[in-house]
Every structure is written in C-alpha cells, then in structure tokens.
Amino acid sequence: MAIESETKEFETKNWGNALRLGAGRKVAEILSSSWRFEPSLVHFDSVALAAVAPLLTGSGAAGLGWWRIGQTEMRESAAGGELKENYRMQILQASLSERKIQEVFQKLQDAGIEALLLKGWACARLYPQKGLRPLGDIDIYVRPQHLSVAAVALDIPVNASVIGHEIDLKSSLPCCYDLTIEALFARSQVVSLGETNIRIPSPEDHLRVLCIHFMRHGAWRPLWLCDIAVALENRPSDFDWRVCIGANRRTAEVIIAAIGLAQRILGADLEGVPVKYKSQPVPRWLLAEVWKQWNAPRIVDHAPSELIAKSLRKSLRNPLVLMRALKNRWPNPIETLVTMRVPLSVSSPLPWQCVWYTKLCWYFLSRAFTFKGRSENV
C-alpha cells in the first residue's frame, strides 16, 4: 500500500510535465530497443524521465522502462526508483499469473479440451526477462463445440468479458482478424510452462494477431507495439510471410502499417522482412495519431465500452454532463478505420469518424434509455 500511495503522488506531481514535454515521443524514446537482451544506451535527462515515468507505469511498460535505464545513472533518480519498484512488482505478478495459467490449462486438459493461449504470456515469453511484460487477463480460445464444457470446467460465464474477470474464454475472433479458429489451431505450436504444455499460435498467426489487435484498439498502448517489435525480431528463420499477411487486402494493409509503426516509432529491426512489406510508407496522419495517443497511454484513460454506457446512463438527467460525455467519446480514427474496414491510405479519417460516431451514439444512448426504462419499471 505504501508503494501504491507513493506512486500515485509521484504520478500527480509529474503529469503536467509529461504533457509539456510531448509525452508520446518521450515514451517512445525510452521504449526504443527495450525488448532486447541488451538495449541500446539511452540519453535521457532526469526531468524528462520523471515526466514520463507515470505514463510508463500506467500503461504497463514500467518494466521495460527500467530495463532500458537500469545500466545508466538515471537508475539512481526518484523516477528510476519508481520504475524499479514497479518492475519488481511485475516479476511477482508474473509468477502468480504463470501459476494460474498452468492451473487453467490443467483443468481444461483434465476435461479433454484442447485450448489455445493468445497474447499475454505468449508475448511475455519472448522478452529477455520475466516481468518485463506484465500479464493481464488470460485469453483462452477453444473450438466452438467445446465452449460450454470449457466454461463449466473453469467455472466462468461463456464468452466471459466481464470487467475484472481473470479469464477471457472465447471460441472465435472478430472478423477483422480474417482468421478462423480452425486455422489458428491447425498452425499452432505447443510450448512448456513449467511442467505444463501450453498451446500458443504459430509465429505467423501470433504476429498477425498482435498487429491487428494494436490497430483495432486505436494504437493507444505502447506495450502493444513493443510486443510487435519483439515478435518481429524473434521470428524463426522459416517464418512464412504469406501466412502472416494473408490474402485479404484490408487485413494486409493493417498488418503492414503496424509493422511500419514498430520500425518508425520504436526502431524495430526489419531485416529479412520482404521489401514489398517494409517499403510501404506509413500515412502521416497515422503516425501523428499514434504520437497523440501516447500522450495519454495509461489504462485508466481508456474506459471499456461497458463503463462508457454506464457513464452515459448516469448523465442522462444532466444535459451539460451528457454533452461533455458525448464529446469525450469521439472515436479514435485508427480504431474507426480498422473496424469499418476502410483503407488507411485515406487523406483524412474525419468523415469516417463522423459516420462511426453517429452509430456509437445511437448504440450507447439506446442502451442507456433501455436500462433506464428497466430500472424505472422495477
């Protein structure tokens, strides 16, 4: 509790400085090469580090931040101390999460169910040390015919996506991934976590999922781009780019854009990547939008849709609060284009944001009035 209170005080003190210094670019500067066993030396002053440390911590990148500065004189600064403490906490949490993953897979294996782990530990295992990449929810995928049995074995709701739920059990991917569960399982691989066998995606599908996930969620979390960079640089020699990129032009564009962002923003090494994929320019608006998103990359700044609907319902009786809430929900342009399957090469995403915003407002307000009516009738 003492560490948490000190961290909160530290974040409050340096939040204004982060915005003044152009936090997004500073975060990228710290995280560049941070996923490597020997990251390059960083030339960073203590004032800038103090400003962006809360952003690194709040976005889950504190461990990577400490890994980057741990061999420099900045490790002795107050901000360095905060990053180190959070890194140590992430190591402990990683051990607990790994134990939970083993328990989950053992239960499913005992029930005769083949399951696959997506993201999370499948990403973290590629980093040079435990704890550099925090582990959040456990994303488990099973075949559709096994979904209900798996839910019973794990004692969780089917397709659980409840806020705060530890396990996210699903049997399909959103259509924007252009990837079926059968294909995901057919190309998957089995690796060891302690004495437990864990099924994870093939390197090709893994990179594909990471790229699309980063883009469809608006590219707001720096850690996700680090995941792409570490997956790129740790791919096997027989990596099949045709499988990773796929045949769908829209999906391919999203994947290639994410790879380009990993190189442009974090300095990911694209050696061995086919020229036709790494030579495509990143749209200017897209690069600028990522910098903008990284000015506020903390998880608490990006509320899930369930919380958005709830906040809108609460503001229905106050028009001024409602208008402010609607303004704050202006859609992320990257998320909008990826969701609507619009080319990223458009000169401006604004018209599409207007269309998507209209749909979102109608959806959330209809839900808000529906829930309001139900509560009044109870």
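This is a predicted model: local features need pLDDT of at least 70, side-chain atom pairs count only at pLDDT 80 or more; totals for chains, interfaces and linings use all residues.
Strands β1, β2 and β3 form an open sheet, in the order β1-β2-β3, with mixed pairing. Because β1 (115-118) and β3 (167-170) are the edge strands and each has a single partner, one side of each is left without a neighbour in the sheet. From one strand to the next, the twist averages 30 degrees. Strand β2, which spans residues 138-142, pairs with β3 in the parallel sense, and four bridges connect the two. Within this pairing, tyrosine 141 has lysine 170 of β3 as its bridge partner.

Two helices lie across strands of this sheet. Helix α5 (residues 78-110) lies across β1, β2 and β3, and runs at about 20 degrees to β2. Helix α7 (residues 147-154) lies across β2 and β3, and its direction is at about 160 degrees to β3.

Strands β4 and β5 form a hairpin, with two residues between them. Strand β4 comprises residues 189-193 and runs antiparallel to β5, to which it is joined by five bridges. Valine 190 is placed opposite arginine 199 of β5. In the turn, glycine 194 has a positive phi of about 65 degrees. Strand β5 (residues 196-200) is mostly covered, with four of its five residues buried.

The second largest pocket has a volume of about 200 Å³. Its lining consists of Phe37, Glu38, Pro39, Ser40, Leu41, Trp66, Trp67, Arg68, Gly70, Gln71 and Tyr87. Helix α4 (residues 62-69) supplies the largest share of this lining, namely three residues. By residue class, the lining of the second largest pocket divides into six nonpolar, three polar and two charged residues.

Arg68, one of the residues lining this pocket, is also among the contacts of glutamate 29. Glutamate 29 belongs to helix α2, which covers residues 23-31. With its neighbours within four places in sequence left aside, glutamate 29 is in contact with Val42, His43, Phe44 and Arg68. The relative accessible area of glutamate 29 is 33%, so this residue is classed as partly exposed; the class lies between the cut-offs of under 20% for buried and over 50% for exposed. Glutamate 29 and glycine 267 are 238 residues apart in sequence, while their C-alpha to C-alpha separation in space is 9.5 Å.

Terms used
Residues are numbered from 1 along each chain as its sequence is written. Side-chain values use heavy atoms; hydrogens and water are left out. On a 1 Å grid over the protein atoms alone, a cavity is a set of points where a 1.4 Å probe fits but cannot get out, and a pocket is an open set with protein on both sides within 12 Å along at least five of seven lines; lining residues have an atom within 4 Å of a point. Grid points are joined across faces, edges and corners, and a volume is the space filled by probe spheres set on the points. Ala, Val, Leu, Ile, Met, Phe, Trp, Tyr, Cys and Pro count as nonpolar, Asp, Glu, Lys and Arg as charged, and the others, Gly among them, as polar. Two strands pair if DSSP finds at least two bridges between them. Axes are lines fitted to C-alpha atoms, for helices over the stretch in contact, and angles run from 0 to 180 degrees between N-to-C directions. Contact means heavy atoms within 4.5 Å. Buried means under 20% relative accessible area, exposed over 50%, partly exposed in between (1.4 Å probe, protein chains only).
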